[in-house]
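Subject: Structure for you to look at

Hi,

Here is the structure I promised to pass on. Please open it beside this email, and then read on for what turned up in it.

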Amino acid sequence: MGLALICLALGLAFGTFGAWIADQRGRSFWEGALLGFVFGPIGVIVEALLPGGDPPPARDERPRVHRPDAADDVNVAALFGEVRKHKGA
């Protein structure tokens, strides 16, 4: 029982480290986690030596969510101009 817990703890540690390496190199998070968990330090080394994929997007380069109800999508001056025109008429 004690050996199984040690193996599980080591697998989780190497899986976490492999996932982090994969994420830093632009590869699949789950690929790194699986290699690290199953193969331990050898899997982590293999993941580190694999060619990098696309780098993760920088914080300010992330795609923005388009919200059609956002204020910048509406010509507010035109709306107020129309209101004033109708009020004065």
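Let me start with a pair of charged residues: the side chains of Arg27 and Glu47 meet in a salt bridge, at 3.6 Å from N to O. By salt bridge I mean a side-chain nitrogen of Lys or Arg within 4 Å of a carboxyl oxygen of Asp or Glu. Arg27 lies in the loop between H1 and H2 while Glu47 belongs to helix H3, so this pair ties together parts that are 20 residues apart in sequence. Through shared partners, salt bridges join Arg27, Glu31 and Glu47 into one network.

Before going further, a word on the source: this is a predicted model, in which local features need pLDDT of at least 70 and side-chain atom pairs count only at pLDDT 80 or more, while totals for chains, interfaces and linings use all residues. Residues are numbered from 1 along each chain as its sequence is written, and side-chain values use heavy atoms, with hydrogens and water left out.

**The rest of the network**

The structure holds two salt bridges. Besides its link to Glu47, Arg27 forms a salt bridge with Glu31, where the closest N and O atoms are 2.8 Å apart. Arg27 is partly exposed at 25% relative accessible area, and Glu31 is partly exposed with a value of 25%. Here buried means under 20% relative accessible area, exposed means over 50%, and partly exposed is in between (1.4 Å probe, protein chains only).

Which residues surround Glu47, leaving aside its neighbours within four places in sequence? Glu47 is in contact (heavy atoms within 4.5 Å) with Gly18, Ile21, Ala22, Arg25, Arg27, Glu31, Gly32 and Leu35.

**The overall fold**

The chain has four helices and zero strands, so named from DSSP runs numbered from the N terminus (helices are H or I, at least four residues; strands are E, at least two). Of its 89 residues, 16% count as buried. Among contacts with a separation of 6 or more, 48% come from residues 24 or more positions apart. The accessible surface of the chain comes to about 7,300 Å², and carbon and sulfur atoms account for 67% of it. Accessible areas come from the Shrake-Rupley method with a 1.4 Å probe, and for residues only the protein chains shown count as cover.

**H1 against H2**

The axes of H1 and H2 come within 6 Å and cross at roughly 145°. These axes are lines fitted to C-alpha atoms, for helices over the stretch in contact, with angles running from 0 to 180 degrees between N-to-C directions. On the H1 side the contact is made by Leu8, Gly11, Leu12, Phe14, Gly15, Gly18, Ala19 and Ala22, and on the H2 side by Phe29, Gly32, Ala33, Gly36 and Phe37.

**A nonpolar patch**

Finally, look at the surface: Met1, Leu5, Leu8, Leu12, Leu34, Phe37, Val38, Phe39, Ile42 and Val46 form a nonpolar patch, with about 1,100 Å² of accessible area together. Helix H1 (2–24), helix H2 (29–39) and helix H3 (41–49) each give two or more residues to the patch, and H2 gives the most, with four. Patches are made of residues with over 30% relative accessible area and no salt bridge; like charges are joined within 9 Å, and nonpolar side chains (Val, Leu, Ile, Met, Phe, Trp, Tyr) within 5 Å. Met1 sits in the segment before H1 and counts as exposed, at 80% relative accessibility.

Enjoy exploring!

Best wishes
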